[in-house]
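Have the sequence open next to it as you read.

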Amino acid sequence: MKRIFGTIVLFIVVNLANAQSDKYTSAMSKQIATMENGYQNGDFTPAANSFERIAQAEKEQWLPYYYAAYCYVMQAYMDKDNSKKDAIADKADSLIRRAEVLAGGENSEICVIKSMIASAHMMVDPQSRWMQYGPASSAQIEKAKQLDPTNPRPVYLEAQSKFYTPEQFGGGKSVAAPLFEKSIAMFDTFQPKSSLHPTWGKRAAEYFLAQCK
Amino acid sequence: MNRFLCSIVLLLTSITGLSQTRIEGKVKDTKGRPVAGASISIKDSYDGATADSLGGFSFVTEEKGERMVLVSSIGYLLLERPVTIGSSTLKLDLQLKEAPDELKAVVVTAGSFEASDSKRTTVLNSIDIVTTASANADVTGAIRTLPGTQQVGEKEGLFVRGGSGEEAKVFIDGTLVNNFFYSSVPDIAQRGRFSPFLFKGTVFTSGGYSALYGQALSAALILETIDLPDQSSANIGVSTVGLNGGYQHLNKKKDASWGVNYAYTNLLPYFELVPQRPDYFKVPQFHYADANFRFKTKTGGMVKFYSTFQANQLGLRNADIDSAALKNAFSLSNQNLYANLSWKEKLGKKWRMNLGLSYSNNLDDIGNQLQDQDDKPIAIQGLPYVLKNFAYDLRSSLAQTKLVMERKLKGLSAVRFGGEYLYFHDRLEARDTSFRARSLDDHFKAVFAETDIYITNDLAAKLGARFEHSSLLSRSNLVPRISLAYKLGNLGQASLAYGMFYQKPERNQLVINTNLDYTRSTHYIANFQKVTSGNTFRVEAFYKKYEDLVKTFPGLDNSGYGYAKGVELFWRDKKTFKGFDYWVSYSFLDTRRDYLNYPNSIQPNFAANHTASLVLKKFITKWKTQFNASYTFSTGRPYYDIRYNSNEDKFAIYDQGTTINYNNLSFSVNYLPTVGNPNAKKFVVWVLSVTNVLNQDQVFNYNYSFNGSIKRPVVPPANQFFFLGCFISFGIDRTEDVINSNL
């Protein structure tokens, strides 16, 4: 009888755990889908808040923190009020650091976010911040490439940075276009580790590539 | 059995699934304004919502019983609210408190301009100092485009708000710099000795400055040197006035560096091309050498050492004002040693320490000779000629140490206190032993304390006091410094400042009479500032009262007095005209004083009533070139012929007038040919600059002959200054930096 009882308890626990991880997967999938709204209406805050909620409830997963950081850095890019950008980017930074701890160290995707955070800080006042944030952003792109040479996102970010760099400075559309093409080819073959791992960037790369032509 | 278990599980899930509770409400701040975008969540659950634009939120949860609701938003303190979730809808009125935030908090800005890269909200940054057209890479040149400063071309120094050049002091890494400018040459302003590239932060206070500093009646220029370089690099430069080279090494761990630099300036080729009004019998030559090291300490502190040795000489001849047949030949040879060691350290979480040590030794070898038409020395007895032959050595040294301790208090509040000890030694020695050597020693001590109190994020006060003692004067003083800042709405803020400032009389006065007291000024400042992401607006009004100024007649005493009052405007705009960055400043000044040999209270000859500057910057990507222009205007300054009347035994004004208005349009161009070449191993910058492009006449003052019959304008040695230089740095590709700076 004891044994049966033990089995029951075990069964319930396992089942609940599965239910729990199903809940995590479905909540995450739902939020990753909601994140799309951010691209449409320029407001990533609801998605960021949702990811943060999942993150603080889960405690062991790095991806919710990763996505929360991504949403905040996108928010920093999109916010038209320059005076708010720093605080938003700082928030993204604190989240990506927690993701890094939970992920057991830096990985390619985390470096991508760090590069974007540095760029967000720079956008506030490029003229006086280049010294600090310019090299920091490109260093993270390089690190992201090294940590995962198949990751298309650092290539996409590099292409985007070339896109905005004037021709005279070795940037421009003609330099950016092949990089966008390269990233798109990489997006096509890139295999995320799970359905929850980041896949964003392809559509933006296609958009920019169209702008190059 | 399995079926049984399944049904239990199913039952459990359905129970939780069925009983959902709605939680709704509003999130507001302490002023009742909605906090849009605030996150509301139930601790350790996925459930929650984001507040809408009116602060409203609503969500359902399956959680039950005693739970914690977390509310957060960027810029606010996290709110934790225990709730009991039952079956009926839970209504929550939530109030968030603003987080103490250095960036958003009000800052005391009365009287001070800050140029820095580290702080996120500043009026100027260090690149501005280098790229201001009229500045010619002189730190104080860029400062002279800010409100409160005068365009004085006949004497070095910062002339601020009716104050003389001696009333503004310069500090590097916290400690006073005794000979910041090259040694004086009659009627020609000298540059600062230090390169603007040495500094990462600049605070220029045109009044009401902190209790951490003292002995300046008018203003303090506070400079902070750079930390570790980004990379190892070597650099060389060639220009129309000289050569320079240097090496900077950063270790592999990037926590220590050392470097050396040398520069040689010789104006001979330039003077051949561009004729100068004085006859330079010794063309100006300058040697500059520096050595530095910097390292991070284990606990995150920073130690910086910087020292320079400089040697220079010049000699120039002008027609004598008292006799058309004679000439005056002035010569100067200068040696200057400066060393500064600073140590910043964090002691635990709350304490910080700043320790500074510095030593400087300056030797001026000054001579003047009366010469005939063949440039042969000639001695004539009787006044005024007997005073025109002299030769002496003037040595001044300063050793000092300063310690500042800072303790963080609640929120952003902090208290700072410390002390400093300065040992001044000055010695004047005639080379022909016509009079005995005189020396002055002063052991100067000060203790000070200051506290920043944030009553709220919107209201801050800075209260300070300073106690000083000079062994030379054998007198002490105790002064209060108070400022307040209040934030008006989102972007504007108002500040008030009050302070008392003491300064020792000048060396040449103390040599004659050490029984003099401190001179004194009292500042009252009101300021309004509004900063948005693309522009800055400031308006400031001040009143300054001078007391105990030094009079040289009838006796040498502290019976002088005066006042200065005025209004200043500053507007910087990076947004309105795409790609253009410009600033405008305007100063109105009303000042009078009775000091030195003035017969009564008059407007001093270093004060103009109206001064305005426009500084413009534009980078043209296609040409890889940055264009900078600046235009400065000021109304004429008064000039006087003040002479002794022996019949009445007093000084009187025999003649007076106002100089012509001052105009200066300057241009500079920076061409960066290697920008954008990703394979470049070196980085090249070409610099071309021209001052007074329109070749307008400038008159700074008038000199009078001994009997007053001859009056001669004081004009610059040449109307214009041209500079062309090429600077190359190896091993460090700054391309990225330059691109980013011009996006």
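**Two helices side by side**

In chain A, helix 3 (residues 63–78) packs against helix 5 (residues 108–124) at an angle of about 25°, and their axes are 10 Å apart. Keep in mind that you're looking at a predicted model.

- Angles under 35 degrees count as roughly parallel, so helix 3 of chain A and helix 5 of chain A are roughly parallel to each other.
- The crossing of helix 3 of chain A past helix 5 of chain A is left-handed.
- On the helix 3 side of chain A, the contact residues include A:Tyr66, A:Tyr70, A:Val73 and A:Tyr77, while helix 5 of chain A brings in residues including A:Ile113, A:Met116, A:Ile117 and A:Met123.
- Sort the residues of this contact between helix 3 and helix 5 of chain A by type and you get 12 nonpolar, 1 polar and 1 charged.

**A hairpin in chain B**

- Strand 32 (residues 638–645) and strand 33 (residues 650–658) of chain B pair up in the antiparallel sense, over 8 bridges.
- For one pairing to look up, B:Tyr639 has B:Gly657 in strand 33 of chain B as its bridge partner.
- Strands 32 and 33 of chain B form a hairpin with 4 residues between them, and B:Asp649 in the turn has a positive phi of about 50°.

**Zooming in on B:Leu341**

- You'll find B:Leu341 in strand 18 (residues 327–347) of chain B.
- B:Leu341 has a relative accessible area of 28%, so it counts as partly exposed.
- B:Leu341 and B:Ala325 are 16 residues apart along the chain, and their C-alpha atoms are separated by 52 Å.
- Beyond its neighbours within four places in sequence, B:Leu341 is in contact with residues including B:Phe293, B:Val303, B:Phe305 and B:Leu357.

Conventions:
Residues are numbered from 1 along each chain as its sequence is written. Chains are lettered from A and ligands numbered from 1 in the order in which they are written. This is a predicted model: local features need pLDDT of at least 70, side-chain atom pairs count only at pLDDT 80 or more; totals for chains, interfaces and linings use all residues. Side-chain values use heavy atoms; hydrogens and water are left out. Two strands pair if DSSP finds at least two bridges between them. Axes are lines fitted to C-alpha atoms, for helices over the stretch in contact, and angles run from 0 to 180 degrees between N-to-C directions. Angles under 35 degrees count as roughly parallel, over 145 as roughly antiparallel, 65 to 115 as roughly perpendicular and the rest as oblique. A crossing is left-handed if the near helix is turned anticlockwise from the far one by less than a right angle, and right-handed if clockwise. Contact means heavy atoms within 4.5 Å. Ala, Val, Leu, Ile, Met, Phe, Trp, Tyr, Cys and Pro count as nonpolar, Asp, Glu, Lys and Arg as charged, and the others, Gly among them, as polar. Buried means under 20% relative accessible area, exposed over 50%, partly exposed in between (1.4 Å probe, protein chains only).
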